[in-house]
Amino acid sequence: MTVKKIAVLTSGGDSQGMNAAVRAVVRSGLFHGLEVFAVQRGYAGLINDDIRPMDLRSVGDIIQRGGTILQTARCKEFMTPEGQQIGADNLRKRGIDGLVVIGGDGSYQGANKLNKLGINTMGLPGTIDNDIPFTDFTIGFDTAVSIVVDAINKLRDTMSSHERSSVVEVMGRHCGEIALYAGLASGAETILVPEVPFDLTEVSQRMVDNFNLGKRHSIILVAEGVCKGEDIAAEITKNTGIEPRVTVLGHIQRGGAPTHNDRILASSLGDFAVRKLIEGESGKGCGIIKGELVLTDIDKVVNTKREFNMELYELAKRLSQ
Ligand SMILES: Nc1ncnc2c1ncn2[C@@H]1O[C@H](COP(=O)(O)OP(=O)(O)O)[C@@H](O)[C@H]1O
Ligand SMILES: O=P(O)(O)OC[C@H]1O[C@](O)(COP(=O)(O)O)[C@@H](O)[C@@H]1O
Ligand SMILES: [Mg+2]
């Protein structure tokens with residue numbers, strides 16, 4: 001039986017492009033003759049029954065906005081089987097038989113549970129972290145990387161004037177993708193990520209060698225999943241006497257207008273999720289691999305660790321000498 005009523009929610013850390021994805025789900029659903037609902041505040045709204053019907057105008061003027069008009073939550077109660085059952089029941093009592101969850105790896109876990117409770121659920125990768133497997137990119141990652149690159153450009157100006165080094169801490173809960181892409185794009189000398197072991201004595205020695213070769217400033221990019229930027233800077237000072245300045249970019253990375261890449265990705269994936277629900281698919285994560293839209297069993301997505309791109313990592317290292 002094909003779906004007739006669907007709902008959409010955003011969950012976990014917000015990311016730029018979530019609004020574009022919500023717009024795509026709502027408008028594509030209405031275009032195909034479905035009734036479309038929105039759940040406010042992610043899984044918390046599902047449990048609290050905060051669900052409302054959407055029309056074409058409900059998603060006007062949002063494609064360019066960061067954040068999410070549906071708001072989001074990190075909801076402990078939904079981690080329990082009881083919470084998940086309440087959420088599924090609230091959908092069912094309205095006759096909603098399909099759900100699009102826009103969120104990160106944690107939200108995918110929740111989506112998987114709902115699917116097992118009989119709700120036809122699709123996951124859209126919405127997180128700046130780019131930590132979801134079976135998609136080249138997640139919605140928000142491109143914008144977050146652009147923000148980091150822009151910040152490093154600015155830091156470079158003052159670092160080179162003062163012949164200083166900078167430690168920049170970026171987001172990425174257990175994941176070095178933002179650090180990797182931003183590091184390569186901004187020419188950072190050192191990129192520290194949780195996926196690759198490193199030796200701070202070596203990092204320190206390289207800074208000294210580079211200094212002796214005439215390099216007067218350097219950028220060390222550290223993913224928050226490794227440790228605090230402050231701790232890296234303190235260790236470098238202990239090893240070399242150099243006192244790097246520390247910048248923690250924090251939630252700045254999650255705000256602002258999405259790039260055109262994120263808007264296009266969000267629009268394509270949102271529409272894809274709806275079309276696949278109509279075709280009878282459920283329990284799938286939607287992604288894009290080498291430009292192709294793909295579906296992967298959500299069970300497989302949540303049980304697979306994303307592979308780290310060592311080639312890009314090595315390239316960044318070679319080119320920053
Ligand atoms: N194992 C799980 N089972 C059910 N729900 C989960 C599970 N893990 C996370 N969630 C739900 O998804 C929400 C978002 O997850 P979180 O990891 O905070 O963000 P993200 O989805 O961005 O990775 C959590 O607050 C929780 O409600
Ligand atoms: O917004 P909070 O709750 O401070 O969480 C910060 C975390 O959220 C993120 O920005 C995004 O992660 P998720 O997509 O998993 O929510 C992480 O990079 C960071 O560790
Ligand atoms: Mg996550």
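Hello everyone. Let's begin with the second largest pocket, where helix 4 and helix 10 (298-302) each supply at least two residues of the lining. Helices here are DSSP runs of H or I with at least four residues, numbered from the N terminus. A pocket is found on a 1 Å grid over the protein atoms alone: it is an open set of points where a 1.4 Å probe fits, with protein on both sides within 12 Å along at least five of seven lines, and lining residues have an atom within 4 Å of a point.

A word on the background. This is a predicted model, in which local features need pLDDT of at least 70 and side-chain atom pairs count only at pLDDT 80 or more, while totals for chains, interfaces and linings use all residues. Residues are numbered from 1 along each chain as its sequence is written, chains are lettered from A and ligands numbered from 1 in the order in which they are written, and side-chain values use heavy atoms, with hydrogens and water left out.

Back to that second largest pocket. Its space is about 290 Å³, a volume being the space filled by probe spheres set on the points, which are joined across faces, edges and corners. The pocket has 18 lining residues, and Asp 105, Asp 131, Pro 133, Thr 304 and Lys 305 are the closest to its centre. Helix 4 provides the largest share of this lining, 3 residues. By class, the lining has 7 nonpolar, 3 polar and 8 charged residues. In this count Ala, Val, Leu, Ile, Met, Phe, Trp, Tyr, Cys and Pro are nonpolar, Asp, Glu, Lys and Arg are charged, and the others, Gly among them, are polar.

Now for the largest pocket. It holds about 640 Å³ of space. Of its 28 lining residues, Gly 12, Arg 74, Gly 106, Ser 107 and Arg 173 lie nearest the centre. Which helix gives the most to this lining? Helix 4 again, residues 105-116, with 6 residues. The lining divides into 7 nonpolar, 11 polar and 10 charged residues.

On the polar side, a side-chain atom of Asp 105 is 2.6 Å from an oxygen atom of ligand 1, and a polar side-chain atom of Lys 113 is 3.0 Å from a nitrogen atom of ligand 1. Ligand 1 has 560 Å² of accessible area on its own, and the protein covers 86% of it. Those areas come from the Shrake-Rupley method with a 1.4 Å probe.

Finally, ligand 2. Around it are 13 residues, and Gly 13, Thr 127, Asp 129, Glu 224 and Arg 254 come nearest. The shell divides into 2 nonpolar, 5 polar and 6 charged residues. A polar side-chain atom of Glu 224 lies 2.4 Å from an oxygen atom of ligand 2, and one of Asp 129 lies 2.7 Å from an oxygen atom of ligand 2. The protein covers 80% of the 480 Å² of accessible area that ligand 2 has on its own.

Technical notes
A residue is near a molecule or strand if one of its heavy atoms lies within 4 Å of it. A polar contact is a pair of N or O atoms within 3.5 Å; within protein, one must be able to donate a hydrogen and the other to accept it, and residues adjacent in sequence count only if both atoms are side-chain atoms.
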